[in-house]
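Take a moment to turn the model around before you read on. Then follow the paragraphs below with the structure in view.

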Amino acid sequence: MAEMMAILLFISICVVLMAGYPVAFTLGGVSLLFAGIGMLTGTFDGGYLHALPNRLFGIMNNQTMLAVPLFVFMGVMLEKSRVAEDLLESMSRLFGTLRGGLAISVCVVGALLAASTGIVGATVVTMGLLALPTMLRRGYDPAVATGTLAATGTLGQIIPPSIILVLLGDVMSSAYQQAQLKMGVFSPKTVSVGDLFVGALIPGLVLVGLYILYLIGVAILQPKKLPALSKEELGPIEWGKLFGALIPPLVLIAAVLGSILAGYATPTEAAALGAVGAMLLALGKRKLNFTQLKEVAFGTAEISAMVFLILIGASLFSLVFRGFGGEVLIEDMFAQLPGGVLGAFCVVMLVIFLLGFILDFIEITFVVVPIVGPVLLAMGLDPVWLGVMIALNLQTSFLTPPFGFSLFYLRGVTPRSIPTSVMYKGIVPFIIIQILMLVIAYVWPGLITWLPGVVYGN
């Protein structure tokens with residue numbers, strides 16, 4: 001009876017979320033309702049709820065989670081300071097005379113923005129507003145243009161400093177310690193956000209490379225879809241302006257990621273460095289004033305409040321789910337799956353992929369990963385590898401029609417003359433590339449685990 005209540009709890013939350021109710025209140029409200037029913041029917045021990053105050057206090061004192069508002073501040077500040085606009089204009093002049101050069105410029109700028117902001121929605125909308133009109137005006141195929149923009153906009157999911165990696169790092173650390181304690185390890189090791197940042201670096205760069213290779217292939221095989229632009233149309237390359245647009249973001253990225261890789265700073269300290277660096281960059285571009293700072297602060301507070309409110313609701317859900325014996329149910333289910341560890345891993349990845357259609361990555365990270373993470377890690381999977389694979393998987397679901405969030409963002413800034421079906425057609429090759437990247441990372445796990453081992457000596 002108790003295990004049936006656990007299943008009903010999870011299903012009820014998914015149904016209420018699909019009905020459009022706010023995530024944080026859905027998680028907390030439905031969980032409390034089921035806890036009350038469970039106490040009345042004798043299937044739930046109310047003592048589990050006594051742990052909630054300690055959990056909330058732990059969230060408030062979590063130094064790792066402090067990186068979230070700092071990275072959000074950094075991303076919003078860079079968005080407001082028009083870094084993307086200057087980068088795209090300079091890169092277009094550099095690569096525009098090549099077939100597909102404008103699309104390649106979009107990929108490069110998208111990767112730099114991902115490493116600067118880490119906010120997917122803002123990147124997709126910004127790139128769509130800046131690049132799409134230019135690409136269409138210069139004869140680019142609408143399907144390839146929209147597909148390129150949607151795909152490169154989601155690179156912020158995997159290229160550090162990614163918000164999802166910050167959240168996953170905290171959740172995976174807790175899950176890893178739980179898994180080790182279940183296996184009888186009384187001095188459990190931890191996995192940090194820095195581990196995930198370093199582990200995601202190579203897969204993120206490989207993914208950008210695969211995107212660019214695909215665009216080069218289209219330019220060679222179907223040149224009419226990605227025409228070259230004339231030098232007269234683009235104008236001369238202004239090297240001073242190019243370096244002026246390129247160097248400040250690169251210095252900021254190097255300072256943030258370099259300080260983490262070199263071991264000089266934790267991700268939280270690096271996030272603070274990034275926030276200050278973004279303000280200095282905006283000041284250098286004369287885009288920093290009181291009004292701007294106020295807008296950035298309000299935007300940061302809004303996003304951060306949403307994240308932490310969802311985390312509080314997810315903590316309540318986790319306690320109630322565990323009180324109904326949900327964790328034991330998951331362990332038994334995975335143990336009975338054919339294929340052992342591989343079978344369990346594939347099922348979890350499929351579930352996360354499908355949930356990515358209806359839930360944001362924050363909800364999936366806080367709700368699903370704490371349930372399945374300890375079980376998979378107890379089966380012997382590497383926590384850094386699993387965390388990066390989940391991030392890649394969520395990035396793929398962000399692109400997949402008909403519910404991909406990136407497509408929703410891009411649809412909002414795409415002319416009505418371009419049908420949604422054209423956008424879906426353009427994104428399919430990039431989804432195939434994403435799946436290929438997942439396969440590559442599964443076959444060669446060292447692609448993810450090698451660099452953390454070198455940097456941290458694990």
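This is a predicted model: local features need pLDDT of at least 70, side-chain atom pairs count only at pLDDT 80 or more; totals for chains, interfaces and linings use all residues.

Residues are numbered from 1 along each chain as its sequence is written, and side-chain values use heavy atoms, with hydrogens and water left out.

Start with the core. A nonpolar core is a set of buried Ala, Val, Leu, Ile, Met, Phe, Trp, Tyr and Cys residues joined through side-chain atoms within 4.5 Å. Buried means under 20% relative accessible area, exposed means over 50%, and partly exposed lies in between (1.4 Å probe, protein chains only). The largest nonpolar core here holds 151 residues. Phe71, Met135, Leu167, Tyr211, Phe366 and Leu386 have the most contacts inside it. Which helix gives the most to this core? It is H10, residues 193-221, with 14 residues. Helices (H or I, at least four residues) are DSSP runs, numbered from the N terminus.

Look at Met135 next. Contact means heavy atoms within 4.5 Å. Beyond its neighbours within four places in sequence, Met135 meets Leu102, Ala103, Val106, Tyr140, Ala145 and Leu149.

Now turn to helix pairs. Two packed helices are described by the angle between their axes and the distance between the axes. Axes are lines fitted to C-alpha atoms, for helices over the stretch in contact, and angles run from 0 to 180 degrees between N-to-C directions.

Begin with H10 and H19. They pack at an angle of about 40°, and their axes are 9 Å apart. Therefore H10 and H19 are oblique to each other. Angles under 35 degrees count as roughly parallel, over 145 as roughly antiparallel, 65 to 115 as roughly perpendicular, and the rest as oblique. The crossing of H10 and H19 is right-handed. A crossing is right-handed if the near helix is turned clockwise from the far one by less than a right angle, and left-handed if anticlockwise. On the H10 side, the contact uses Asp195, Leu196, Gly199, Ala200, Pro203, Leu207 and Tyr211. On the H19 side are Pro383, Val384, Gly387, Val388, Leu392, Gln395 and Leu399. Ten of the contact residues are nonpolar, three are polar and one is charged. Here Ala, Val, Leu, Ile, Met, Phe, Trp, Tyr, Cys and Pro count as nonpolar, Asp, Glu, Lys and Arg as charged, and the others, Gly among them, as polar.

H19 (residues 383-399) also packs with H22 (residues 446-456). Their angle is about 130°, and the axes are 9 Å apart. That angle makes H19 oblique to H22. This crossing of H19 and H22 is right-handed. H19 brings Val384, Trp385, Val388 and Met389 to the contact, while H22 brings Ile448, Thr449 and Pro452. Six of these residues are nonpolar, one is polar and none is charged.

How do H2 (residues 23-41) and H14 (residues 290-323) cross, and at what angle? Their axes come within 7 Å and cross at roughly 25°. H2 and H14 are therefore roughly parallel to each other. Their crossing is left-handed. From H2 come Val23, Ala24, Phe25, Leu27, Gly28, Ser31, Leu32 and Ala35. H14 answers with Leu309, Ile310, Gly313, Ala314, Leu316, Phe317 and Val320. The tally is twelve nonpolar, three polar and no charged residues.

Finish with single residues. Leu40 lies in H2. Is Leu40 buried or exposed? At 77% relative accessibility, Leu40 counts as exposed. Leu40 and Val384 are 344 residues apart in sequence and 41 Å apart in space, C-alpha to C-alpha.

Leu213 sits in H10. Leu213 has 56% relative accessibility, so Leu213 counts as exposed.

Thr365 belongs to H17, residues 361-367. Its relative accessibility is 0%, so Thr365 counts as buried. Not counting residues up to four places away in sequence, Thr365 touches Ile164, Leu167, Leu168, Val171 and Pro370.

Ser259 is buried, because its relative accessible area is 10%. Setting aside residues up to four places away in sequence, Ser259 touches Ala254, Tyr264, Ala265, Ala270 and Leu273.

Definitions and conventions:
Helices (H or I, at least four residues) and strands (E, at least two) are DSSP runs, numbered from the N terminus.
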